[in-house]
Amino acid sequence: MSFGSRLNAIGKWIPNGRRIVDVGTDHAYLPVLLVQEGKITGAIAVDIAEGPCAAAQRTVDLYGLGNIIEVRCGDGLSVVDPGEADVAAIAGMGGVTMIDILEKSKAVVESLERLVLQPMNGAELLRSWLLQHNWHLHAEDLIPEGDKLYEVIVAEKGQGEKQLDDVYYEVGPLLLAAHHPLLAQHIKRLMDRYASLLIAMDNSDDAKHSEKYQEFLRRKNKLEELYYENYSS
Ligand SMILES: C[S@@+](CC[C@H](N)C(=O)[O-])C[C@H]1O[C@@H](n2cnc3c(N)ncnc32)[C@H](O)[C@@H]1O
């Protein structure tokens, strides 16, 4: 069975020989993929909802991996004890939910060596939270799948840069430094998102004169500057 290019690309950021906790595991495809690749020695597959928990258990049983992957139903890392996992993977949910999960289980988070995060949105909030909570950005990646572009943020324990310019929280400082091959597409998408928000706000006088409007405009202009600095020929 193929687990898809996104999960494969996320899995590359899990170091060999570790025990992982996959939060929001849904069908437990990521842990199964990693066990099949011989990358991990154990996994806790966590989901908050009953349906996904049952689906995860079915996948684990189907592959006969119940001795290596344990499915736990619960909220985030609340069902994990410190020291049970070395690395947490959290993929396919919003950045704010991820922050909530990390905030709620400080002792477990403190015991992890790496976080592999694939937020669906709010990546800028997540980067900011990480830098403020004794994590540094170890790597960043962009994964194309269908017409989507997914961001991966790999964080490791320890202080790096504490503060970044706003625009780097959004774009990803390591994607920018590495001139990731999909960086232009990524920046354009961010620019387009602000352009659409501004167009929607243009319909209302109140919205147009709000601080939010000015903030979105400032962000869009900064992204444009960055884009043309890097990609004007
Ligand atoms: C879209 S799925 C992503 C599945 C998989 N991680 C992936 O990337 O393909 C999101 C899953 O996260 C689960 N989820 C959302 N909030 C959660 C939380 N606080 N704790 C555990 N699971 C959560 C949902 O129930 C859902 O199954």
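Helix H9 (residues 183–201) and helix H11 (residues 211–231) pack at an angle of about 150°, with their axes 9 Å apart; helices here are DSSP runs of H or I of at least four residues, strands are runs of E of at least two, and both are numbered from the N terminus. Axes are lines fitted to C-alpha atoms, for helices over the stretch in contact, and angles run from 0 to 180 degrees between N-to-C directions. This is a predicted model, in which local features need pLDDT of at least 70 and side-chain atom pairs count only at pLDDT 80 or more, while totals for chains, interfaces and linings use all residues. Residues are numbered from 1 along each chain as its sequence is written.

**Helix H9 against helix H11**
- H9 and H11 are therefore roughly antiparallel to each other, given that angles under 35 degrees count as roughly parallel, over 145 as roughly antiparallel, 65 to 115 as roughly perpendicular and the rest as oblique.
- The contact includes Ala184, Ile187 and Lys188 of H9 as well as Tyr213, Phe216 and Leu217 of H11, two residues being in contact if their C-beta atoms, placed from the backbone, lie within 7 Å.
- By class, the contact of H9 with H11 holds 16 nonpolar, no polar and four charged residues, where Ala, Val, Leu, Ile, Met, Phe, Trp, Tyr, Cys and Pro count as nonpolar, Asp, Glu, Lys and Arg as charged, and the others, Gly among them, as polar.

**Helix H4 against helix H6**
- H4 and helix H6 (residues 123–132) pack at an angle of about 25°, with their axes 8 Å apart, and they are therefore roughly parallel to each other.
- On the H4 side Gly95, Val96, Met98 and Ile99 meet Ala123, Leu125, Leu126 and Trp129 in H6, and the residues of this contact divide into seven nonpolar, one polar and no charged.

**The shell around the ligand**
- The ligand is surrounded by 16 residues, of which the closest are Gly24, Asp26, Ile48, Ala91 and Gly92; a residue is near a molecule if its C-beta atom, placed from the backbone, lies within 6 Å of it.
- Strand E2 (40–47), strand E4 (87–93) and helix H4 (95–104) each supply at least two residues of this shell, and its largest share, three residues, comes from E4.
- The shell divides into eight nonpolar, five polar and three charged residues.

**Ala139 in strand E6**
- Ala139 is found in strand E6 (residues 135–145), and it touches Trp13, Val154 and Leu174, not counting residues up to four places away in sequence.
- Ala139 and Ala155 are 16 residues apart in sequence and 7.0 Å apart in space, C-alpha to C-alpha.
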